[in-house]
Structure formats: C-alpha cells, structure tokens
Number of protein chains: 2
Amino acid sequence: MVKLTDAMKTEFEKMKIFPLATASKDGVPNVIPIGMCFLQEDLETIWIVDNFFLKTMENLRANPKCAIYVWGPEINGCFQIKGDVKIIDRGEEYDEMRKMVKAKSDRFPAKLLVKMKITDVFECKSGPDAGKKLL
Amino acid sequence: MVKLTDAMKTEFEKMKIFPLATASKDGVPNVIPIGMCFLQEDLETIWIVDNFFLKTMENLRANPKCAIYVWGPEINGCFQIKGDVKIIDRGEEYDEMRKMVKAKSDRFPAKLLVKMKITDVFECKSGPDAGKKLL
C-alpha cells in the first residue's frame, strides 16, 4: 500500500469537497463532489461515506476502484489519489462511521462505508510534470 | 445529442475549474482539474483543450468517454455532464482552438482539441435526488 506524506496530509485536511471519480464495468466514467472523505491515521486509508450515491455505488460494486484529487484555492499544489475500495456494511468500523456522521446531522443516511486503500499518487498541477507518478 | 438548458449554460459559464474524469480501457478511473473547457453555442458540444494531459489522453484514445461536473461556491445547484469525445489534431476547429489558447498565453502548448458531445446530464446535488437523470 501507499502512504501519503505528512505534507500531503496537511493539504488533504484543508479540503472541504473532493471530486470522486469511478467507472462502470464497461468504462463509463462518473464524477461527483463529495464532502465526507476522511484520511485515516495510517495515511494509506481513506474513509468515504455513502449518503446519496447512485451510479457511484453501482460502479464501485462492479469495479471497486476510485480516484480523487486534492486541489483548491487554499491548497498548495495538486495531486491525484487512486485506490481500491471495499464496501463495508457492518462491523466496528461501520458503526464508528455511523456514529461520526450522525453526530454531524441526522439528515445524512450514512448508508455504507467505502474504505479506500491508496494505490497511487500522481502530480496533478498544470505543467509539463502533470500526470507523473509521485508515490 | 443532448443540449444543456439556458439555466445550465449560465452556471457552466461561471465555472473556472472543472473536474474531468476519464477511465482506462480496463476501468481505472482518473480525475484532474482543468481550466480550458468551453461550452459551444449549440449547447451540446464542449471543447476541452489538451495542454498537459497524460493519463487523460491515454484514456481518451482507448476509451473516448468523459464526465465533468458543474459545481462550486458560486454555482446554483450541481449537475454532472457525460459525453463522447473526438480527438482533433488538425483542421479549422483545431486552428481556432490554437488561436484562442495562444491568445491567452504562449505558455500553453494547446496540443489537441478534445471535442465532447454531451450524451447525458445528471442531478448531482447532495440529497435523495442525487444521480437522477435530468437530460
């Protein structure tokens, strides 16, 4: 697995909304903005909460891979994170996710925990190095 | 083909940076922020400029489909646009794209024109209607 650097963690934690990309089994890309996307202490796992996923969840069930990027006006640089996901619908981590989300607001259904294991990190800043593998 | 509504056009034109999602032939999603993304007058075609694409271009050559969303602090609502693309490397439209980009700054290589024909538009605002087809 791949671990973000401490500098990447700092930028990750400034983000409020992440673009989350998935693809259907036959390769149709999908991208949505998500708010509930949390880097875990091991720096190699990201928890994503499914509140209102539709195509995203269909895609993840058929093709358990996703990508997000970390960029915004308040972010230094830009990087893309790719990973493999597991969909978790019970157990200790699921209960922890539910508790965390319900503490924010009861209007979030907190249906499933999407646990992303980071596999790759790429440079994403506009310029000749865009797209190069960082980790 | 699918045409954006005038209200969608208004929101589209407020956007400065769009998340552009593609997928490799074997379904690995990719997402990057892009600035050069222009809705055309017919409201069913979007011009995307390849300045520094790497995986994005590899993906589009193998699997000519992409998705973007329109959302941001200054945008009313949120919608996702999916489309089929053609990669254009010569001709009148290509020359027009080059002229437009080079007028902005010579630092942009303006390598290729990615011409996206809109196929679908989906609701993308957080809530129970997220993911539903709008157009």
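1. Chain A superposes on chain B by a rotation of 180 degrees with 0.0 Å of shift along the axis, at an RMSD of 0.0 Å. That is the relation of a two-fold axis. In chain A, the residue that comes closest to the rotation axis is A:Gly27, with its C-alpha at 2.5 Å.

2. A note on the basis. This is a predicted model, in which local features need pLDDT of at least 70 and side-chain atom pairs count only at pLDDT 80 or more, while totals for chains, interfaces and linings use all residues. Residues are numbered from 1 along each chain as its sequence is written, chains are lettered from A in the order in which they are written, and side-chain values use heavy atoms, with hydrogens and water left out.

3. The contact (heavy atoms within 4.5 Å) takes 34 residues from chain A and 34 residues from chain B. Of the interface residues of chain A, 100% are also interface residues in chain B, so the copies meet through the same surface.

4. The two chains bury about 2,700 Å² between them, with 68% of it on carbon and sulfur atoms. Buried area here is the accessible area (1.4 Å probe) lost on putting two parts together, summed over both. A:Pro29, A:Val31 and A:Phe52 supply 23% of the area that chain A buries against chain B, more than any other three residues.

5. The side of chain A that touches chain B divides into 22 nonpolar, eight polar and four charged residues. In this division Ala, Val, Leu, Ile, Met, Phe, Trp, Tyr, Cys and Pro count as nonpolar, Asp, Glu, Lys and Arg as charged, and the others, Gly among them, as polar.

6. Not counting residues up to four places away in sequence, B:Lys115 touches residues including B:Trp47, B:Asp84 and B:Glu93.

Key
Least-squares fit on C-alpha atoms with pLDDT ≥ 70 in both.
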